[in-house]
Amino acid sequence: YKEPIKEELSSYQKKSDVEMILAVEEEGGAVTALSDLDAFPDEDFYSPREIFAEKGLSGLQDSETQKAQMLSSVGINLNLAPVCDMAEDFTQIMYSRSLGGTPQETSQYVKHTTQISQSKGVSVALKHFPGYGTIPDTYLPVVTDDREASTFESRDFLPFKAGIDSGAHCVLMSNILSTELDPNCIASLSDYTHTILRNELKFTGLIITDNL
């Protein structure tokens, strides 16, 4: 049931001297960590790609509003979303989880999602910086991206910049090795990639990673 979840999370906050960040990964589609629970039988969030294809950006705004309200209703204050990556082919690792639009359309989606979610008290985590792009789905322990730095600047960075300019509280770094940005270190541990995020994209919020 929903109420015990809310009470449990509230008890954590009451025991902490500072407000805790309580995060969940609720993208829609295959990644729905909270709404998949039996406590939320009426919540069935389709993937952003599916909604965008059928209803466009306006449909996504409705979905993101409902999603933020659901998370906020139980005390979740950070959603590990939206996906800012852009994939064009079903063989690429982020295909099913990405929007499926142009860089400009993806930027608009990220902008609106950031504004909607954070207005409901649920921070967003823009992911996965600097962008997975056209990387194929793979089980290799270290995934390498050899695209030119100019490709990131003219394409991959645009949705992240849109979210940052809209006040996004958090950016989630990928763990890929972008050889043209930093050939020696995966993005999440790369001083140079963090410098791009801070100095070029002017992000001043929280930087995190997952599945390191």
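Ser117 makes contact (heavy atoms within 4.5 Å) with Ala68, Val122, Ser123 and Val124, residues up to four places away in sequence not being counted. Ser117 belongs to helix H3 (residues 103–119); helices (H or I, at least four residues) and strands (E, at least two) are DSSP runs numbered from the N terminus. With a relative accessible area of 5%, Ser117 is buried, where buried denotes under 20% relative accessible area for a 1.4 Å probe and protein chains only. The model is predicted, and local features require pLDDT of at least 70, side-chain atom pairs are counted only at pLDDT 80 or more, and totals for chains, interfaces and linings use all residues. Residues are numbered from 1 along each chain as its sequence is written, and side-chain values use heavy atoms, with hydrogens and water left out.

Lys127 is located in strand S5 and is likewise buried, its relative accessible area being 0%. Its contacts, again without residues up to four places away in sequence, include Glu25, Glu27, Asp85, Arg97, Phe160 and Leu172. By contrast, 18 Å separates the C-alpha atoms of Lys127 and Ile76, which are 51 residues apart along the chain.

Strand S5 (residues 123–129) runs parallel to S7 and is joined to S7 by 4 bridges; two strands pair if DSSP finds at least two bridges between them. Strand S7 (residues 170–173) is covered on both faces, with Cys170 and Leu172 buried on one side and Val171 and Met173 buried on the other. In a regular strand, side chains alternate between the two faces of the sheet. S7 also pairs with strand S9 (residues 206–209), in the parallel sense and over 4 bridges. Met173 is the bridge partner of Phe129 and stands opposite Thr209 in S9.

Phe129 also takes part in aromatic pairing. The structure holds 3 aromatic pairs, a pair being rings of Phe, Tyr or Trp (its six-membered ring) with centres within 6.5 Å, classed as stacked for planes under 30 degrees apart, edge-to-face for over 60 and tilted for the rest. The rings of Phe129 and Phe157 are stacked, because their centres lie 5.2 Å apart and their planes are at 20°. This pair links distant parts of the chain, with Phe129 in strand S5 and Phe157 in helix H4 (residues 149–165), 28 residues apart. Both Phe129 and Phe157 are buried. The rings of Phe129 and Phe160, with centres 5.1 Å apart and planes at 90°, are therefore edge-to-face. Phe160 is likewise in helix H4, 31 residues from Phe129, and Phe129 and Phe160 are buried. Ring pairs connect Phe129, Phe152, Phe157 and Phe160 in a cluster.

The largest pocket contains about 470 Å³ of space, a volume being the space filled by probe spheres set on the points, which are joined across faces, edges and corners. Its lining comprises 21 residues, with Ile93, Tyr132, Val143, Asn175 and Asn211 nearest the centre. By class, 12 of these lining residues are nonpolar, 5 polar and 4 charged, where Ala, Val, Leu, Ile, Met, Phe, Trp, Tyr, Cys and Pro count as nonpolar, Asp, Glu, Lys and Arg as charged, and the others, Gly among them, as polar. The second largest pocket has a volume of about 240 Å³. It is lined by 13 residues, of which Tyr46, Ile51, Lys55, Gly59 and Ser63 are closest to its centre; the lining of this second largest pocket divides into 3 nonpolar, 3 polar and 7 charged residues.

Methods
1 Å grid on protein atoms, 1.4 Å probe; cavity = no way out; pocket = protein on both sides within 12 Å on 5 of 7 lines; lining within 4 Å. Buried < 20%, exposed > 50% of the residue type's maximum accessible area, 1.4 Å probe, protein only.
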